[in-house]
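Let's walk through this model together, one region at a time. Keep the structure open beside you as you read.

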Amino acid sequence: MSDQLTGRDDTGEGRQPSRLVIESVAEATGTDPLRLPPLHDVVDPDALDRLFTSDIGPGTRATDGHVTFRYHGCDVTIHASGGTTVEPTGRDT
């Protein structure tokens with residue numbers, strides 16, 4: 001596992017925040033995304049996606065705020081602007 005902070009920006013690609021979390025954590029930890037524990041064990045993926053999707057229409061996101069949680073030994077922050085940062089902590093919880 002890397003000890004470096006990784007970040008991804010999804011502002012123009014339209015991927016759901018929950019999918020971006022899985023991809024980012026897999027990349028940061030060198031783990032196959034299919035071998036990660038279920039995301040729903042730590043956060044409701046549907047709620048996460050809805051939180052950063054605007055009522056204006058599909059693919060539109062809020063522009064302010066963030067959510068941080070621990071997943072697979074990483075501190076994960078989803079930013080309303082579309083970015084995700086992942087910081088491996090070395091702890092699974």
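This is a predicted model: local features need pLDDT of at least 70, side-chain atom pairs count only at pLDDT 80 or more; totals for chains, interfaces and linings use all residues.

Strand E3 (residues 74-79) and strand E4 (residues 83-88) run antiparallel to each other and are paired over five bridges. Within it, threonine 77 sits opposite threonine 85 of E4. The two strands form a hairpin with three residues between them, and here glycine 82 adopts a positive phi near 115°.

Aspartate 75 is joined to arginine 70, with 2.9 Å between the closest N and O atoms. How exposed are these two partners? Aspartate 75 has 24% relative accessibility and so counts as partly exposed; arginine 70 is partly exposed too, with a relative accessible area of 26%.

The protein chain has two helices and four strands, and from the N terminus on the order of its elements is β-α-α-β-β-β. Of the 93 residues in the chain, 37% are buried. Among contacts with a separation of 6 or more, 48% link residues 24 or more positions apart. The chain exposes about 5600 Å², and carbon and sulfur atoms supply 47% of that area.

Now turn to helix H1. This helix covers residues 17-29, and at 1.5 Å a residue its 13 residues should span 18 Å; the C-alpha atoms at its ends are 18 Å apart, so the two values agree. H1 is mostly covered, with 10 of its 13 residues buried. Among them are Leu20, Val21, Val25 and Ala26, and the list also includes Ser18, Ser24 and Thr29. Just after the helix, glycine 30 has a positive phi of about 65°.

An α-helix has 3.6 residues a turn, so residues three or four places apart point the same way. Side chains of opposite charge can pair when their charged atoms come close.

Which of these two partners is buried, and which is exposed? Arginine 19 is exposed, because its relative accessible area of 51% is over the 50% cut-off. Glutamate 23 is buried, because its 17% falls under the 20% limit.

Definitions and conventions
Residues are numbered from 1 along each chain as its sequence is written. Side-chain values use heavy atoms; hydrogens and water are left out. Buried means under 20% relative accessible area, exposed over 50%, partly exposed in between (1.4 Å probe, protein chains only). Contact means heavy atoms within 4.5 Å. Accessible areas come from the Shrake-Rupley method with a 1.4 Å probe; for residues, only the protein chains shown count as cover. The expected span of a helix is 1.5 Å times one less than its number of residues. Two strands pair if DSSP finds at least two bridges between them. A salt bridge is a side-chain nitrogen of Lys or Arg within 4 Å of a carboxyl oxygen of Asp or Glu.
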